[in-house]
Amino acid sequence: EVLKKFADQMKTDVSAATATLQKAMRSDSHSAQLDFIMGNLNFQAGRVDEAMANYNDAIKKFPDFQRAHNNLGILLAQRGQYKEAITHLSKSIENGGGDAVTYGIMAYGYLVQHQYLSAEIAYRNALVFEPTNTDWILGLAKTLLESSKYDEAVLLLDDMLKNDPSNADLWLFQANGYLGKGDTNRAAANLEIVRRLGKIKAGNLAQLGDLYAASGAHDLALRAYRDALTMDPKLPIPGLLQSADLLVSNGGYDQGAALVAQI
């Protein structure tokens, strides 16, 4: 009866509907469903602490309340409390829940906690529901890179780049994959593509310079270093001196001296 009255009032008067719910919740024996609905109202209104308290109350009354566990897990994840969030999201899945968002949030929580195998499984589950979701694919790529599964990461990013070739982040992630494989030429090629897209940062230019210096392409290395310094004159001096040393160590004496002079 309370829920029917609440639903009818929500169509015309949210304040009256909320008051109906609050009145019914004064009874110690009220249903967990009322706590859950009040939690949703507080969630939508941005009253996060109140919403979390409501969801916790619902779970105390009904420990297998799937939707309450799911919503509480999402709120905890938004606050960066990933360990607690995963506990509730797992309980939601255990009780018949589980969609792309649930698995995706769990995956990210595992990733930031360096639990890469669990993160990989969760991201793959998220992709079952949303196979073209860029967030889940990028998350899986990061997880594969962190797990040293470089071949898989490179192939995954290849597929993404076919559909989105102007996405600089994808080229940079794949460059890391190539570096992990020891394929420095392909890594340098990816960084050059980002450079020509006009989206490269000073740190990436310095990295590109290091790749060229190590391969003996001294002039290309010096140009990359100079471009990095022009883009960000406050680059850390010790790192730049290491780059100059790398040039000299690989026979680029004039270029190393020129870089030191610019520093």
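Which helix supplies the largest share of the lining of the largest pocket? In this predicted model, the largest share comes from α10, with four residues.

## The largest pocket

The volume of the largest pocket is about 200 Å³. Its lining consists of Thr 132, Thr 134, Ile 137, Leu 156, Asp 159, Met 160, Asn 163, Asp 164, Asn 167 and Leu 170. At least two of the lining residues are supplied by each of α9 (134-146) and α10 (150-163).

By class, the lining of the largest pocket comprises four nonpolar, four polar and two charged residues.

## Packing of α7 with α8

Two packed helices are described by the angle between their axes and by the distance between the axes. For helix α7 (residues 100-112) and helix α8 (residues 116-129), the angle is about 160 degrees and the axes lie 8 Å apart. Angles over 145 degrees count as roughly antiparallel, and α7 and α8 are therefore roughly antiparallel to each other. The crossing of α7 past α8 is left-handed.

On the α7 side, the contact is made by Ala 100, Tyr 103, Gly 104, Met 106, Ala 107, Tyr 108, Tyr 110 and Leu 111. The residues of α8 in this contact are Tyr 116, Ser 118, Ala 119, Ala 122, Tyr 123, Asn 125, Ala 126 and Phe 129. The contact of α7 with α8 contains 13 nonpolar and three polar residues, and no charged residues.

## Packing of α12 with α13

Helix α12 (residues 184-196) packs with α13 at an angle of about 145 degrees, and their axes are 10 Å apart. The crossing of α12 past α13 is left-handed.

From α12, Thr 184, Ala 187, Ala 188, Leu 191, Glu 192 and Arg 195 meet Asn 204, Leu 205, Gln 207, Leu 208, Leu 211 and Tyr 212 of α13. Seven nonpolar, three polar and two charged residues form the contact of α12 with α13.

## Packing of α13 with α15

Helix α13 (residues 202-215) also packs with helix α15 (residues 237-249), at an angle of about 20 degrees and with the axes 8 Å apart. Angles under 35 degrees count as roughly parallel, and α13 and α15 are therefore roughly parallel to each other. Here α13 passes α15 in a left-handed crossing.

In this contact, Asp 210, Ala 213 and Ala 214 of α13 meet Ser 243, Leu 246 and Leu 247 of α15. The residues of the contact of α13 with α15 are, by class, four nonpolar, one polar and one charged.

Notes:
Residues are numbered from 1 along each chain as its sequence is written. This is a predicted model: local features need pLDDT of at least 70, side-chain atom pairs count only at pLDDT 80 or more; totals for chains, interfaces and linings use all residues. Side-chain values use heavy atoms; hydrogens and water are left out. Axes are lines fitted to C-alpha atoms, for helices over the stretch in contact, and angles run from 0 to 180 degrees between N-to-C directions. Angles under 35 degrees count as roughly parallel, over 145 as roughly antiparallel, 65 to 115 as roughly perpendicular and the rest as oblique. A crossing is left-handed if the near helix is turned anticlockwise from the far one by less than a right angle, and right-handed if clockwise. Contact means heavy atoms within 4.5 Å. Ala, Val, Leu, Ile, Met, Phe, Trp, Tyr, Cys and Pro count as nonpolar, Asp, Glu, Lys and Arg as charged, and the others, Gly among them, as polar. On a 1 Å grid over the protein atoms alone, a cavity is a set of points where a 1.4 Å probe fits but cannot get out, and a pocket is an open set with protein on both sides within 12 Å along at least five of seven lines; lining residues have an atom within 4 Å of a point. Grid points are joined across faces, edges and corners, and a volume is the space filled by probe spheres set on the points.
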